[in-house]
Amino acid sequence: MNAPRLSLVLLPGMDGTGELFAPFQEALGEDFDIRVVRYPVDGPQTYAALTEVARAALPDTGQYLLLGESFSGPIAVALAATDPPGLMGVILCASFVRDPRPVLTRCAALLDGLPLPEIALRPARWALLGGHATPSLVNLLQRVFDQVGIATLRARALALRQVDASDALVRLRLPVLWLRAAQDRLVPSSTTTLASRLRPRMKVVCVPAPHGLLQTMPAAAAHEVRSFACGIMRTALSN
């Protein structure tokens, strides 16, 4: 591929480690200069606080795309709506602009004090990987869970109660690619319907994957991101 040499800033899912991007990064190869944002496990875990962490990690120079996975979708939208210099487009993967599952969010309050690996790995494997749970992906998930405490995940889950990036999505003036996971057990299709209503010109691509789209279908995701990037650069060169 004669790819545009853009940077690609990756904002992670609720784990915040960025390590779950490994299969996707491998599929992208050398097409992009990749910058992975990692969220601190200590301190405030609100969307406002984590948005500032992500803002500080944006490139100072050059052109780039911003990808928000799942939990980080509202962060990517909020940042992009402020028109940061060099940002050319936004990609939202298996994500949302409002709390996608309020019932699950309320259940997060029950997790306080429970041991994370024992209670969370099996349902996380089911929710994130579905029938694509290869040994390597399960091991990757285990390593990530070993790094993140239940209190941190609980705080991030509870932050979903207040998040609403709807207005920011409407204000956003950049191209948007929305990657929807067709087999998503965490984020319902109604989130895509809402986002499409707020932003009718947004490009929506449905991938036959569970919530962990970038982990289970990395080649398909990489293809869509490359195509999106090429379209943006063609438009920029023609103007």
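This is a predicted model: local features need pLDDT of at least 70, side-chain atom pairs count only at pLDDT 80 or more; totals for chains, interfaces and linings use all residues.
Residues are numbered from 1 along each chain as its sequence is written. Local features required pLDDT of at least 70 and side-chain atom pairs pLDDT 80 or more, whereas totals for chains, interfaces and linings use all residues.

The second largest pocket holds about 160 Å³ of space. A pocket is an open set of points on a 1 Å grid over the protein atoms alone, where a 1.4 Å probe fits, with protein on both sides within 12 Å along at least five of seven lines; its volume is the space filled by probe spheres set on the points. The lining (residues with an atom within 4 Å of a point) includes Arg 173, Leu 174, Pro 175, Arg 199, Met 202 and Phe 228. The lining comprises 5 nonpolar and 4 charged residues, with no polar ones. Ala, Val, Leu, Ile, Met, Phe, Trp, Tyr, Cys and Pro count as nonpolar, Asp, Glu, Lys and Arg as charged, and the others, Gly among them, as polar.

Ser 70 is placed in the loop between strand E3 (64-69) and helix H3 (73-80), and Ala 94 in the loop between strand E4 (87-93) and helix H4 (102-107). Helices (H or I, at least four residues) and strands (E, at least two) are DSSP runs, numbered from the N terminus. Ser 70 is classed as buried because its relative accessibility is 12%; Ala 94 is likewise buried, at 4%. Buried denotes under 20% relative accessible area (1.4 Å probe, protein chains only).

Thr 152, within helix H7 (residues 150-159), is buried at 8% relative accessibility. Excluding residues up to four places away in sequence, Thr 152 touches Val 41 and Gln 45, contact meaning heavy atoms within 4.5 Å.

Key: Side-chain values use heavy atoms; hydrogens and water are left out. Buried means under 20% relative accessible area, exposed over 50%, partly exposed in between (1.4 Å probe, protein chains only).
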